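Here are my notes on the two-chain model. Please read them with the structure open.

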Amino acid sequence: MNTAVQPESEASLIEDLKRGDSTAYRRAVREYSPGMLAVARFYLDHSSAEEIVQDCWVTVIDAVQKFEGRSGLKTWLHRIVANRCKNRLRTAKREVATDFSETLEPELANRFNSTGRWDLPPKLQFHDSADTLMENGALSDCLDKHLSALPETQRSALMLYEAHQHKSDDVCNILDVSASNLRVLLHRARQKIFLMVETFQETGEC
Amino acid sequence: MLMCRDLAEIASDYIDGELNGRQNLSVKMHLMMCKDCRTFIGNLRASSNLLSAHSSGKADEEFLRRIDQRVAEALEDRKSGNANNE
């Protein structure tokens with residue numbers, strides 16, 4: 001599914017937003033809020049995330065006047081949300097940093113023998129398409145549970161890259177991480193999701 | 001020679017097309033010979049697709065309407081502010 005605003009229509013949308021056109025705002029709110037909310041949810045609980053997104057839209061009314069289009073509108077909006085969330089969190093909590101020198105999750109690393117071959121190879125193939133798998137409500141709930149348990153940095157990297165289809169450069173920019181560290185974050189997070197789906201398919205349990 | 005563990009370490013880079021030509025070729029050669037790694041790569045890719053499908057949901061309409069209202073009020077404030085300044 002690709003509902004992204006095309007470049008030409010994005011340019012005209014930005015002009016309409018700069019003029020304060022309320023119809024353009026309604027369109028932009030529907031187009032971009034789900035992604036903005038997803039970014040905010042990586043940092044904050046649901047109600048705080050909704051509050052941040054609402055505040056950001058009010059900020060956008062003035063800030064868009066200075067928007068020069070150096071990044072896409074979506075990236076710009078996500079960066080505003082991420083910065084605001086990070087500011088709110090700065091004094092609230094600190095998390096244990098990901099160890100960037102380890103590219104394998106311990107649970108996966110233990111499945112290889114000393115010669116580097118599989119000791120415990122993946123047994124099942126995930127045959128179903130993603131859409132079919134998502135029709136399984138229990139799996140969807142399990143995925144939610146595991147996503148919320150990921151370290152904040154891994155979750156943000158994964159969601160911005162996978163779900164909101166940002167390019168690597170944009171994700172690095174939004175999250176302030178280097179390209180090589182982003183690769184580690186993405187890989188570690190994907191392995192956790194892989195291990196979760198594997199357990200779910202083998203045992204039916206989350 | 002690339003071992004299964006080495007491949008697992010760079011599997012996401014392979015999926016995302018981030019490897020250089022030589023690394024990419026060694027992964028492809030390994031995959032031709034190793035069924036377990038083919039399954040692993042396939043499953044890791046499926047996990048990544050699953051995540052895209054899972055997260056493309058829409059925000060609920062009630063929430064969007066609340067934003068519309070905040071935006072409409074803020075636009076109105078600015079209009080009346082501008083009018084007072086003229």
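Two residues are taken to be in contact if their C-beta atoms, placed from the backbone, lie within 7 Å. Please keep in mind that this is a predicted model.

1. **Helix H9 of chain A.** I start with the helix at residues 168-175 of chain A, where A:Asp170, A:Val171, A:Ile174 and A:Leu175 are buried. These residues cover an arc of only 115° around the axis, which puts them on the same side of H9(A). What covers them? The cover of the buried residues of H9(A) includes helix H4 (73-90), helix H8 (152-163) and H10 of chain A. Just after H9(A), A:Asp176 takes a positive phi of about 60°.

2. **Helix H7 of chain A.** H7(A) has 13 residues, 137-149, and at 1.5 Å a residue they should span 18 Å. The end C-alpha atoms are 19 Å apart, which agrees. Which residues of H7(A) are buried? They include A:Leu139, A:Leu143 and A:Leu147. An α-helix has 3.6 residues a turn, so residues three or four places apart point the same way. The other side of H7(A) carries exposed residues: A:Gly137, A:Ala138, A:Asp141, A:Lys145, A:Ser148 and A:Ala149.

3. **Helix H10 of chain A.** This helix covers residues 179-203. Its 25 residues should span 36 Å at 1.5 Å a residue, and the end C-alpha atoms are 36 Å apart, which agrees. Just after H10(A) comes A:Gly204, with a positive phi of about 75°.

4. **Chain A overall.** Chain A has ten helices and zero strands. From the N terminus on, its elements run α-α-α-α-α-α-α-α-α-α. Of its 206 residues, 37% count as buried. Take the contacts in chain A between residues at least 6 apart in sequence: 69% of them join residues at least 24 apart.

5. **The nonpolar core.** The largest nonpolar core has 66 residues. Which of them touch the most other members? They are A:Met36, A:Ala40, A:Ile52, A:Val53, A:Cys56, A:Val81 and A:Ala157. Helix H2 (residues 22-43) of chain A gives the largest share of this core, ten residues. A:Val53 is worth a look. Leaving aside neighbours within four places in sequence, A:Val53 is in contact with A:Ser33, A:Met36, A:Leu37, A:Ala40 and A:Val81, and also with B:Ile67.

6. **Chain B overall.** Chain B has five helices and zero strands. Along the sequence the pattern is α-α-α-α-α. The radius of gyration of chain B is 25 Å, well over the 12 Å that the globule rule gives for 86 residues, so chain B is more spread out than a compact globule. Its C-alpha atoms fill a box of roughly 75 × 30 × 15 Å, taken along the principal axes. Buried residues make up 26% of the 86 residues in chain B.

7. **The interface.** How many residues of chain B are in contact with chain A? There are 40, and they are in contact with 47 residues of chain A. On the chain B side, the elements that give two or more residues are helix H1 (4-9), helix H2 (11-15), helix H4 (35-55) and helix H5 (61-85). H4(B) gives the most, with 16 residues. The residues of this side divide into 17 nonpolar, twelve polar and eleven charged.

8. **B:Ser47.** This serine is found in helix H4 of chain B. Is B:Ser47 buried or exposed? It is buried, because 25 other C-beta atoms lie within 10 Å, and the cut-off for buried is 20 or more. Leaving aside neighbours within four places in sequence, B:Ser47 is in contact with A:Arg190, A:Ile193, A:Phe194 and A:Val197.

9. **B:Ile10.** Where is B:Ile10 found? It lies in the loop between H1 and H2 of chain B. B:Ile10 is partly exposed, with 19 other C-beta atoms within 10 Å. Not counting residues up to four places away in sequence, B:Ile10 touches B:Leu19 and B:Gln23. The C-alpha atoms of B:Ile10 and B:Val27 are separated by 9.0 Å, and the two residues are 17 residues apart along the chain.

Conventions:
Residues numbered from 1 in each chain as written. Chains lettered and ligands numbered in written order. Predicted model: local features only at pLDDT ≥ 70, side-chain atom pairs only at ≥ 80, totals over all residues. Helix = DSSP H or I, 4+ residues; strand = E, 2+ residues; numbered from the N terminus. Nonpolar A, V, L, I, M, F, W, Y, C, P; charged D, E, K, R; others polar. Core = buried A, V, L, I, M, F, W, Y, C linked by C-beta atoms within 7 Å. Buried ≥ 20, exposed ≤ 12 C-beta atoms within 10 Å, placed from the backbone. Expected span 1.5 Å × (residues − 1). Rg over C-alpha atoms; globule rule 2.2 N^0.38 Å. Arc of directions from axis to C-beta.
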